[in-house]
Amino acid sequence: MSFFLFYQSCYGLFLFTYPISFSDRAFFCHGRTWRTMLQYGYDERTEILKKEVDPMTPKIQMKTPLVEMDGDEMTRILWKMIKDILILPYIDLKSEYYDLGMKHRDDTDDEVTIESALATKKYGVAVKCATITANAARVKEYDLKKMWPSPNGTIRAILDGTVFRKPIMVKGIAPLVRNWEKPITIARHAFGDIYKNTELRIPAGGKAELVVTDAQGRQTRRTIHEFKGEGITQGIFNTDESIRSYAHACFDYALSVKEDLWFATKDTVSKIYDHRFKDIFQEIYDKEYKTRYEACGIEYFYTLIDDVVARIIRSRGGMVWACKNYDGDVMSDMMATAFGSLAMMTSVLVSPDGNYEYEAAHGTVQRHYYKYLKGEKTSTNPVATIFAWSGALRKRGELDGLPELQTYADALEKATIDTIESGTMTGDLYSMSSLPEKVKVNSEEFLNAIAGRLEKLLA
Ligand SMILES: NC(=O)c1ccc[n+]([C@@H]2O[C@H](COP(=O)([O-])OP(=O)(O)OC[C@H]3O[C@@H](n4cnc5c(N)ncnc54)[C@H](O)[C@@H]3O)[C@@H](O)[C@H]2O)c1
């Protein structure tokens, strides 16, 4: 019996991921004089007690709207709090708002998700709240018309981007790997390979073959295996176009954050498939990036996947690690755990034509939301969502030539980190932090504590 696996040249989408640390980013205060906007009593270790907004306070003006994608459950509650407490008092926020909450996606037959992605293509920068990906339970809970696809999947397909995931590091929460001093950013090529596989079970006595038919109808055939007993086989593919696009995204991203780019495959075993990734990366690096990397003092480093894992563990961190699809899937979860918490991991989708979508890497924190609905105060960690906002505002500032917006973003991140490092934190961090003096606060108290520090930094 023969089995044919057809490899077709096929073009399509792919994706990527990233987390943050403040420790490697200097904070620059441009010495601007800000009129005091908030007056409050402030206890360094706990919370802002009172605040009043001075209506005469000048706010930072924006030129181009930010695409704002609202979301679901507890993160939707945090979204509003972050805007009210940390953003709107300082920025005359220009945003084009899209409600990606589950109910509104259902009401609009998911058109709103598509519109928000198209708006990101138009304006270049978006910030996204975590959203529910519908499953059978959610269809029942929200009485949905159907099981709508993942909004992140829809947005990625339209933007054709790579996701970079980077952890936010703070004193008191040491990475499980003791020598990691700086965050490690993971990029994942989220197109093809086993995620678009074709697989079959093979009965005893079966023969699996790989057959490629070219445009003229000529066939190339290779035997995969002749089976004595039962077995399995799978066919996978990738495209030069997708690999090239991924390579560009990785080279550009590493250059923009001035960090070395590491890439690894198993080309010694996979001499055609994985080797193609290696060759495409090297060719693009030599032609388009070598000079710029050398001028910037960073390097592109290629090695084998097993070697890179060992080197990453021994390293001090501070690099962008580009992964093939499966490696990125596995390694990004390992990194989030090893650096401490999913709630401290941010993510940015970067498209080949220069669009950016910032978000937290975690979900909607459903369990906390049900507590919130019962009227309980929750201690949900808003840090990754704050960094999604600061990342988007900083990028908007860079693109529009607004240094005050970039300064604000730096200050917001510093205020957030300083608050945690001074001992005020949400429950998830409290249970992990080794700081000798620490206080667990609820989300609102935490945001108010950040506001107190932010106010001082911007004064
Ligand atoms: N990017 C996204 O929009 C995204 C990503 C993942 C999951 N989701 C959606 O989120 C919903 C819940 O999914 P889940 O429970 O698997 O993932 P989740 O990230 O919401 O929660 C996973 C675990 O981490 C904890 N956690 C996560 N973020 C936290 C925070 N900020 N503060 C404190 N604790 C935090 C939660 O309490 C939970 O124990 C699902 O409907 C899923 O579809 C969305």
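Predicted model: local features only at pLDDT ≥ 70, side-chain atom pairs only at ≥ 80, totals over all residues.
Tryptophan 262 came up buried, with 23 other C-beta atoms within 10 Å. The cut-off for buried is 20 or more, so this residue qualifies.

**Entry 1, more on Trp262.** I looked up where tryptophan 262 sits, and the answer is strand β16, residues 260-265. Then I asked which residues tryptophan 262 touches, leaving out those up to four places away in sequence. I got Phe301, Val308, Met319, Trp321 and Ala322. I also checked threonine 303, which is 41 residues from tryptophan 262 along the chain. Their C-alpha atoms are separated by 7.8 Å.

**Entry 2, whole chain.** The protein chain has 14 helices and 22 strands. Of its 459 residues, 44% count as buried. I then took the contacts between residues at least 6 apart in sequence, and 79% of them join residues at least 24 apart.

I went for the angle and the distance between axes, since that is how two packed helices are described. Helix α1 (residues 73-87) packs on helix α14 (residues 443-458) at about 25°, and the axes are 10 Å apart. That angle makes the two roughly parallel, because the limit for that label is under 35 degrees. Their crossing is right-handed. On the α1 side I listed Leu78, Met81, Ile82, Ile85 and Leu86. The α14 side brings Ser443, Glu444, Leu447, Asn448, Ile450, Ala451 and Leu454. Sorted by class, the contact of α1 with α14 has nine nonpolar residues, two polar and one charged.

From α11 I noted Val383, Ile386, Phe387, Ser390, Leu393, Arg394, Arg396, Gly397 and Glu398. They meet Pro403, Leu405, Gln406, Tyr408, Ala409, Leu412, Glu413 and Thr416 of α12. The class tally for the contact of α11 with α12 is nine nonpolar, four polar and four charged.

**Entry 5, ligand.** How many residues surround the ligand, and which are the closest? I found 17, with Thr133, Ala343, His362, Gly363 and Asn381 as the closest. By class, the shell splits into five nonpolar, nine polar and three charged residues.

Definitions and conventions
Residues numbered from 1 in each chain as written. Near = placed C-beta within 6 Å. Nonpolar A, V, L, I, M, F, W, Y, C, P; charged D, E, K, R; others polar. Axes fitted to C-alpha atoms, helices over the stretch in contact; angles between N-to-C directions. Helix = DSSP H or I, 4+ residues; strand = E, 2+ residues; numbered from the N terminus. Parallel < 35°, antiparallel > 145°, perpendicular 65-115°, else oblique. Left-handed = near helix turned anticlockwise from the far one by under 90°. Contact = placed C-beta atoms within 7 Å. Buried ≥ 20, exposed ≤ 12 C-beta atoms within 10 Å, placed from the backbone.
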